[in-house]
Amino acid sequence: MKPESPHSPILGIDLGTTNSLVGVVDSGFPILLADENGSRSTPSAVCYADDGSVSVGAAALCQRAHHPRRTITSVKRLIGRRGGESGWQPHYNLQELGVGPIEVSAEILRHLKSVAGRALEQPVSRAVITVPAFFNDAQRAATKKAGELAGLTVERILSEPTAAALAYGLDKLDEHQKVAVYDLGGGTFDISVLEMRDGVFQVLATAGDTQLGGDDLDRALAHLIAQKLHQPEGDIRFLEAAEAIKKHLSAEETATFESISIDRSDLEKLARPWLDRTRQHCLRALSDAKVKASDLDEVILVGGSTRMPLVRQFVAELFGKEPNTSQNPDEAIALGATIQAGILAGSLRQVLLLDVTPLSLGIETFGGLMNIIIPRNTTIPAKAGEMFTNAVANQDSMLIRILQGERELAKDNWELGRIEVPFPAGPKGSARVGVQFSLDADGILHVLARDTATNTDTTLEIRGTAIDVADERVEQMIAESVEFAFDDMNERVWTEAKLKAEELLPAVEAALTQLGDAITAEEAQNVRQHADEVRQLLDSPEHDAKALKTATQHLDDATQTLAVLLLDRAMEESLARRGIL
Ligand code: ADP
Ligand code: MG
């Protein structure tokens with residue numbers, strides 16, 4: 001092998017749930033690289049044998065029937081999540097093997113690196129790696145870490161739909177088009193709406209489900225096979241047969257296995273509800289992008305599962321046009337990653353990729369509310385900031401909780417990290433802390449908090465912390481944000497009303513003590529009554545925001561005389577002190 005040259009090539013890698021591919025730009029053309037068996041696609045499988053040896057790809061899959069608990073597949077479904085939180089139960093237990101999703105992904109990447117090194121006859125160490133557009137910060141950071149563990153410098157984390165659009169649109173750089181990329185793979189579903197114009201690829205909106213793919217259909221079909229054979233399910237053999245039969249039925253009307261036969265219509269009966277789950281995501285992406293289906297120039301299909309005739313039919317019905325199948329569904333993303341790698345390496349013409357952030361980023365504000373700093377679907381890289389102050393007197397620091405999510409209340413969103421910002425103690429509202437969020441091109445967040453009085457900066461890069469985040473499903477978060485929008489709104493109004501009431505009550509008490517003798521007994525009684533009403537509403541478990549707002553307003557009105565008196569008295573005192581009265 002030759003030593004690495006200063007202008008070393010950059011690899012494009014599709015690190016898929018099911019299959020992974022690697023490519024490079026050679027003499028101006030993106031090409032995918034084959035392993036020693038001539039295969040350009042490596043199953044994303046890793047087998048940890050008893051003797052400590054590790055095999056990857058087809059070699060690992062061969063072991064699956066004998067060592068199901070030692071053969072890891074679909075690890076992408078676990079990356080950047082804490083154990084047990086993904087809602088998906090694998091047939092293996094990573095803890096038993098003493099590895100984590102990042103290490104397993106690193107094995108796959110190390111294998112792809114060696115496939116490339118062998119094909120190019122030179123060591124390579126730089127790469128662009130794709131992830132689903134829906135991957136959150138933690139998942140992107142975990143993927144990047146896997147690359148680093150495999151000895152790769154990860155030059156860019158690229159969203160898969162952007163990669164697919166690049167593969168589709170590289171020869172259409174002068175056109176102006178709006179396209180949707182419908183990607184149904186083995187483990188994830190992604191739908192994105194992009195605009196391409198003057199060599200700029202902009203993601204307008206993205207949606208999807210990180211737990212929806214061909215795997216689910218394989219399991220449903222394996223269940224059917226076991227039933228038809230009157231045998232207990234759970235046999236890995238049935239799962240393997242199911243996948244083979246499913247693929248066979250994309251081209252043929254019927255398939256046989258042992259003593260049974262399965263028709264395409266049997267499969268389609270199972271596939272209908274599964275496919276229907278993609279519908280809401282498509283509609284959401286269109287609505288977020290403010291694009292009608294009829295405005296789309298193309299709907300591009302990628303992902304192995306889109307080879308199914310039923311998927312094509314479903315997409316045609318949903319979008320009202322025949323989908324575009326010009327791209328090889330298994331290779332489009334790797335090809336796009338390779339093109340991006342070529343652009344970064346300077347071997348291809350520059351195009352501009354504008355990706356978006358899939359979830360809103362913000363911080364918790366006083367009262368436990370979510371304050372959004374960078375809204376969902378903002379083009380990245382992005383930078384935004386806001387000024388905050390202390391809510392309580394004599395505070396000498398502020399805890400900033402960094403949140404990601406779509407819910408109104410801080411506690412319903414995910415905490416990505418927290419930083420403590422020190423500042424000189426002073427009265428309420430005296431501190432000035434600027435908080436700036438910057439999302440880099442990889443979708444990784446950098447937070448800067450500055451105490452403007454002392455010009456002291458506190459910074460935090462989320463990537464490390466984010467991996468430990470209690471990470472539920474991103475798409476569930478978005479679904480819930482709609483589902484709970486009404487409740488959330490009420491909670492927000494309640495919290496705001498509560499803050500106001502809690503500020504007003506002690507002020508009223510103080511004024512009554514100070515000036516009780518200056519107002520009539522009826523007036524004082526009236527004020528007390530209104531204050532009691534406010535207190536009762538505050539204590540009631542019902543959280544009736546509207547009632548609290550009204551009661552607080554009444555209390556405010558009832559204390560008008562007091563307020564005027566208070567002002568007069570303050571004025572008198574001040575004048576007296578200065579010897580004027
Ligand atoms: P991923 O992005 O998750 O790695 P791929 O895009 O490689 O996935 O797609 C893999 C999925 O596509 C698997 O579930 C596989 O069974 C399915 N698949 C591949 N070829 C076909 C086919 N001809 N018909 C139906 N499904 C297919
Ligand atoms: Mg894929």
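Trainee: How many residues surround ligand 1, and which are the closest?

Mentor: This is a predicted model. In it, 18 residues surround ligand 1, and the closest are T18, G186, E243, K246 and S250.

Trainee: Which atom of ligand 1 does the side chain of S250 approach?

Mentor: A nitrogen atom of ligand 1 lies 2.6 Å from a polar side-chain atom of S250. Backbone atoms take part as well: a backbone N or O atom of G186 is 2.8 Å from an oxygen atom of the ligand, and a polar backbone atom of N19 is 3.0 Å from an oxygen atom of ligand 1.

Trainee: How much of the accessible area of ligand 1 does the protein cover?

Mentor: On its own, ligand 1 has 570 Å² of accessible area, and the protein covers 90% of that.

Trainee: Now the helices. At what angle do the axes of α8 and α9 cross?

Mentor: They cross at roughly 35 degrees and come within 9 Å, with α8 spanning residues 264-289 and α9 residues 309-319. The crossing is right-handed.

Trainee: Which residues meet there?

Mentor: Among them are L275, L283 and L286 in α8, and L310, F314 and L318 in α9. The residues of this contact divide into 11 nonpolar, two polar and six charged.

Definitions and conventions
Residues numbered from 1 in each chain as written. Chains lettered and ligands numbered in written order. Predicted model: local features only at pLDDT ≥ 70, side-chain atom pairs only at ≥ 80, totals over all residues. Heavy atoms only, no water. Axes fitted to C-alpha atoms, helices over the stretch in contact; angles between N-to-C directions. Helix = DSSP H or I, 4+ residues; strand = E, 2+ residues; numbered from the N terminus. Left-handed = near helix turned anticlockwise from the far one by under 90°. Contact = heavy atoms within 4.5 Å. Nonpolar A, V, L, I, M, F, W, Y, C, P; charged D, E, K, R; others polar. Near = heavy atom within 4 Å. Polar contact = N/O pair within 3.5 Å; in protein donor to acceptor, adjacent residues only side chain to side chain. Areas by Shrake-Rupley, 256 points an atom, 1.4 Å probe, with all protein chains shown as cover.
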